[in-house]
Amino acid sequence: MIDPAYSPQEARGIWVFLEQDAGVLAPVSLELLAKARALATESGAELTGLLVGGDLAALEATAAKLDLDRVVSVAHPLLTQFTAEAYAHAVDQVIRTQKPDIFLLGATAYGRDLAGRLAVMLRTGLTADCTDLALEAGTGLLLGEVSGFGGGVLATIRCEQHRPQMATVRPGVFPEPAAADRAAAKVERVNVDVPAAKCLVKVVARHRKTGVDISRAERLVVAGAGARGEMPNIEALAQALGAEIGATRVAVDEGWAERERQIGQTGVIARPKLALVWGASGASQFTCGIDQAEMVVAVNQDPEAAIFESADICIVDEVAPVVKALVAELQSHGGAE
Ligand SMILES: Cc1cc2nc3c(=O)[nH]c(=O)nc-3n(C[C@H](O)[C@H](O)[C@H](O)COP(=O)(O)OP(=O)(O)OC[C@H]3O[C@@H](n4cnc5c(N)ncnc54)[C@H](O)[C@@H]3O)c2cc1C
């Protein structure tokens, strides 16, 4: 067995990587905080947020108001923009000196890149893309729930001997926390050494993607393969409801919606108040993306379709007559309130 960077006996506290880009915190970091606070309360652990960047003064003030006991701030000019090598080098130093027991990151492009490198550098395990986190009764070990074999099984993974216990969680899995009503967290500035030799990647230009983020939509109208030929009506319905369009992978592969609108295991985890799902079979790789919806209405011509197990209202019918009737009804009332 490879020697761990530090032992479980030395490890202390729960840490969340407060991912930021150009001074804006990633929403998934806030979502992680809510869960991490619940775990910290359960175990009596201290909850720390880790900020990494160039000039962090404004973000330190923001982070201090979050539901954290402590903020560790690591500022360095070479950390102004995320590059995996430099960030991993800096965070590795902080983790080795402060020895967190649990270290959580969002499963974003940055978070995934950083987490993988850190796990190798620290000789520890990483449970990637968790769908839930818990503490094991008795041992207090972190339990990361992940889906495997194309979503067919749920596995619970733990890391017994190596520290920190690391996990990434995708955006949308946990709800954002309510505003914290607590004393401002203590901010601790930590110096790290970031040699230029660790910054082989140079960011020469940045292009911000301007596409939609349906993970935060309140209402979704979702097209499945059974919506063939009905996209104009699905779009009219979305417009009348003030909803975003979502799609199954088959619908995306057909070119009926952009890839960023795909819902599910390899798409977006959404948590809308209302999801209207048209002609989707209900494969687990899809339903894991709408399981958090407050209400799911599903339309499918097959009364045995698995989607009905995930739906609050089940309509056994063809897509065309139902979507047309709904659009006509909504339009006669001037759209959704
Ligand atoms: C590793 C992996 C990851 C994946 N990730 C994703 C993911 O992120 N998102 C995702 O969606 N899929 C994902 N998939 C694919 C997933 O397994 C399914 O193949 C996909 O979700 C099926 O899409 P669908 O329900 O639109 O199509 P189908 O399975 O073809 O279902 C179409 C449904 O429409 C109904 N229907 C047909 N015609 C009509 C009509 N006229 N009126 C009413 N109902 C009708 C049928 O009864 C059927 O139930 C993944 C698969 C794997 C292996």
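The model is a predicted one, in which local features need pLDDT of at least 70 and side-chain atom pairs count only at pLDDT 80 or more, whereas totals for chains, interfaces and linings use all residues. Residue numbers start from 1 along each chain, as its sequence is written.

**Around Leu-220**

Leu-220 belongs to strand E13, residues 219–223. Helices (H or I, at least four residues) and strands (E, at least two) are DSSP runs numbered from the N terminus. Next, display the contacts of Leu-220: leaving aside residues up to four places away in sequence, they are Ile-214, Ala-243, Glu-244, Gly-246, Ala-270, Pro-272 and Ala-275. A contact requires the C-beta atoms of two residues, placed from the backbone, to lie within 7 Å. For Pro-272, the C-alpha atom is separated from that of Leu-220 by 6.7 Å, although the two residues are 52 residues apart along the chain.

**The nonpolar core**

Move on to Val-222. With residues up to four places away in sequence not counted, Val-222 touches Gly-246, Ala-247, Ile-263, Ala-275, Leu-276, Val-277, Trp-278 and Ala-280. Val-222 is also one of the residues with the most contacts inside the largest nonpolar core, together with Leu-104, Val-221, Ala-223 and Trp-278; this core has 95 residues. Such a core is a set of buried Ala, Val, Leu, Ile, Met, Phe, Trp, Tyr and Cys residues joined through C-beta atoms within 7 Å. Select helix H3 (residues 84–98) to see the largest share of this core, six residues. Domain 1 (14–198) and domain 2 (214–332) both contribute residues to the core, so it lies between them.

**The two domains**

Colour the chain by domain: the assignment gives domain 1 (14–198) and domain 2 (214–332), with bounds taken from an automatic or database domain assignment. Over C-alpha atoms, the centres of domain 1 and domain 2 are separated by 33 Å. At the interface, 10 residues of domain 1 are in contact with nine residues of domain 2. The side of domain 1 that touches domain 2 comprises three nonpolar, six polar and one charged residues. In these classes, Ala, Val, Leu, Ile, Met, Phe, Trp, Tyr, Cys and Pro count as nonpolar, Asp, Glu, Lys and Arg as charged, and the others, Gly among them, as polar.

**The ligand shell**

Now centre the view on the ligand. Of the 27 residues around the ligand, those that come nearest are Gly-224, Gly-226, Thr-248, Gly-264 and Ser-281; a residue is near a molecule or strand if its C-beta atom, placed from the backbone, lies within 6 Å of it. By class, the shell contains 10 nonpolar, 14 polar and three charged residues. Select helix H6 (249–253), helix H7 (284–287) and strand E16 (295–300), each of which supplies at least two residues of this shell. The largest share, three residues, comes from H6.

From there, step to Cys-288, in the loop between H7 and E16. Cys-288 counts as buried because it has 21 C-beta neighbours inside 10 Å.

**Backbone details**

Three further stops concern backbone geometry. Select Arg-163 and Pro-164, which are joined by a cis peptide bond with omega of about 0 degrees. Pro-164 lies in the loop between strand E10 (153–157) and strand E11 (165–169).

Arg-123 is not a glycine, yet its phi is positive, at about 55 degrees. It sits in the loop between helix H4 (109–121) and strand E7 (126–130), and it counts as partly exposed because it has 13 C-beta neighbours inside 10 Å.

Asp-129, in strand E7, likewise has a positive phi for a residue other than glycine, near 60 degrees. Asp-129 is partly exposed, with 16 other C-beta atoms within 10 Å.

**The whole chain**

Finally, zoom out. The protein chain has eight helices and 17 strands. Its radius of gyration is 22 Å, close to the 20 Å that the globule rule gives for 337 residues, so the chain is as compact as a globular protein of that length. The radius of gyration is taken over C-alpha atoms, and the rule is 2.2 Å times the number of residues to the power 0.38. Along the principal axes, the C-alpha atoms fill a box of roughly 65 × 45 × 40 Å. Of the 337 residues, 44% count as buried.

Methods. A residue is buried if 20 or more other C-beta atoms lie within 10 Å of its own, exposed if 12 or fewer, and partly exposed in between; C-beta atoms are placed from the backbone.
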